[in-house]
Amino acid sequence: MAGLSRYAIDLSPLRTSREFRYIFIARTISIFGLGLLLVAVPLQVYDMTGSTLAVGAASIVVGVSVFVGTLFGGVIADRYDRRPVISIARATAGIAFAILAINAFLPTSHLWVIYVAGVIEGLAGGISATALMAVIPSLLPKDKMAAAGALMTVMSDLGTVASPAIGGVIIAATSVGTNYVLAALSSALTAYCISRLPSLPPPVRNTEGPLQSIASGFRYAAKDSVVGGTLLVGFCAMMLTGWNVLLPAYASEVLDAGPGTTGLLYSAPAVGALLGSLTSGWTGTVRRGGLVVFVAAIIAAAGLVGVGSVPMFAVTFLGLVAHGFGRVVGDILRYAVIQTETPEEYRGRVAGVWGAQISTGTATGALVAGAVGAAVGPQEAFLLYGAGGVIALGVLALFLRGLRGYRAHQEEPASTVAG
């Protein structure tokens, strides 16, 4: 049992740091609130317009706004006290959700209101997420960064799976307006939890202009072989998430599967991710963290190769489970590297670059996967897409020697802020 305990998710950040507990609770509430929107907005827009293009436009509006908010959120987090930045951003998002609720309860809802609220929510969400990431290293010792990343990831995965399902039930029983009201309440609770934190000003206040500050963050990341390499591998890992655009055609044309079976396949990566999170205790003690970052990403890509190689439901399910497992382990380890190796004065801006590589990598991956699928068919696309990922990551492992040889720091004394 002692050996198995090494693999159990490390809960010590929750036990030792009151401030991290507040952040964890705030983030969990926020994720479940946002999950309600994931189902409410598309359903409402489609019900109003009957257009999948309008639904896609709503997603693009939020995505672009998150990208902008993420980059400028890094600048703000390196210039101002991060506690009020997060609280104000979450409160602002709550106002956007309240506007959506009012709009939904009107006799005639307005599409433009949904798009405007999406811009507000995206900007506020990008700012708060970036500032929140910049805060955590000041609350925990460096050797607990992987544990913090695992805890954040497991709740994110659970929330992503559970809250849209709950949101669908709520809409069926009441209306989309109820989801928006609950999302607004979740933002208010999140802002309250963050307000319980101590003042968290950046140790070195950045005074550069906004665009100059963003550029300096990118320059730092590009020059640092470990941080820059981690972000580059992260971009490739995010590109691999584009598989989901291939799955409807693959399930229908290759597996001859119905909606129920397709839904199970969509859940398979979440199963792997949850397994990876719950058994992530070892990530806090791994010494060759840089090498394992590559191994985890290659496992995620290899899972997609398996899907394209053997057109059977069981193999497809297991391949997507392996993909989810490799993705989440890589996420945890990359998070730990970024949080450990980024100097405090760049922490907000590097967190912004981290968020930017997630959003751009995911969007680029979906575009690439869709193009390949249209050219060669869904089964061959899975095979080529996954194999391309394995090759690209292998090449990066060969050339990014700084990250490949990276070894985690030895255990350090507990943070003076933790308590």
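Q: What makes α13 and α16 a pair in contact, and which residues meet?
A: Contact means heavy atoms within 4.5 Å. From α13, the residues Phe294, Ala297, Ile298, Ala301, Ala302, Leu304, Val305, Val307, Gly308 and Ser309 meet Gln379, Phe382, Leu383, Tyr385, Gly386, Ala387, Gly389, Val390, Leu393, Gly394, Leu396 and Ala397 of α16. By class, this contact has 16 nonpolar, six polar and no charged residues. Here Ala, Val, Leu, Ile, Met, Phe, Trp, Tyr, Cys and Pro count as nonpolar, Asp, Glu, Lys and Arg as charged, and the others, Gly among them, as polar.

The model is predicted: local features need pLDDT of at least 70 and side-chain atom pairs pLDDT 80 or more, while totals for chains, interfaces and linings use all residues. Residues are numbered from 1 along each chain as its sequence is written, and side-chain values use heavy atoms, with hydrogens and water left out.

Q: Why are α13 and α16 called roughly antiparallel?
A: The two helices pack at an angle of about 160°, and their axes are 7 Å apart. Angles under 35 degrees count as roughly parallel, over 145 as roughly antiparallel, 65 to 115 as roughly perpendicular and the rest as oblique. The value for α13 and α16 is about 160°, and the pair is therefore roughly antiparallel. Their crossing is left-handed (the near helix is turned anticlockwise from the far one by less than a right angle; clockwise would be right-handed).

Q: How do you know that α5 and α8 are roughly antiparallel?
A: Helix α5 covers residues 82–105 and helix α8 covers residues 176–195; their axes come within 8 Å and cross at roughly 165°. Axes are lines fitted to C-alpha atoms, for helices over the stretch in contact, and angles run from 0 to 180 degrees between N-to-C directions. With a crossing at roughly 165°, α5 and α8 are therefore roughly antiparallel. The contact of α5 with α8 has 16 nonpolar, seven polar and two charged residues. As for handedness, α5 passes α8 in a left-handed crossing.

Q: Why are α11 and α16 called oblique?
A: Helix α11 (residues 247–254) and helix α16 (residues 378–399) have axes that come within 8 Å and cross at roughly 130°. With that crossing of roughly 130°, the helices α11 and α16 are therefore oblique to each other. In this contact, Leu247, Ala249, Tyr250, Glu253 and Val254 of α11 meet Pro378, Gln379 and Phe382 of α16. The residues of the contact divide into six nonpolar, one polar and one charged.

Q: What makes the length of α3 close to the expected one?
A: Helix α3 spans residues 18–49, a run of 32 residues. Just after α3, Gly50 takes a positive phi of about 70°.

Q: Why is Ser65 called buried?
A: Ser65 is found in helix α4 (residues 52–77). Buried means under 20% relative accessible area, exposed over 50%, and partly exposed in between (1.4 Å probe, protein chains only). Ser65 has a relative accessible area of 7%, and therefore counts as buried. Apart from neighbours within four places in sequence, Ser65 is in contact with Gly118, Val119, Gly122 and Leu123.

Q: How do you know that Leu367 is exposed?
A: Leu367 has its place in helix α15 (residues 347–376). Its relative accessibility is 63%, so Leu367 counts as exposed. Leu367 and Val245 are 122 residues apart in sequence and 8.7 Å apart in space, C-alpha to C-alpha.

Q: What makes Arg401 exposed?
A: Arg401 belongs to helix α17 (residues 401–404). Its relative accessible area is 62%, and Arg401 is therefore exposed.

Q: Why is Leu158 called partly exposed?
A: Leu158 lies in helix α7 (residues 145–173). With 36% relative accessibility, Leu158 counts as partly exposed. Not counting residues up to four places away in sequence, Leu158 touches Phe32, Ser163 and Leu274. Leu158 and Leu274 are 116 residues apart in sequence and 7.6 Å apart in space, C-alpha to C-alpha.

Q: How do you know that Val310 is partly exposed?
A: Val310 is in the loop between α13 (289–309) and α14 (313–341). At 32% relative accessibility, Val310 counts as partly exposed. Leaving aside neighbours within four places in sequence, Val310 is in contact with residues listed as Tyr250, Val315 and Thr316.

Technical notes: Helix = DSSP H or I, 4+ residues; strand = E, 2+ residues; numbered from the N terminus. Expected span 1.5 Å × (residues − 1).
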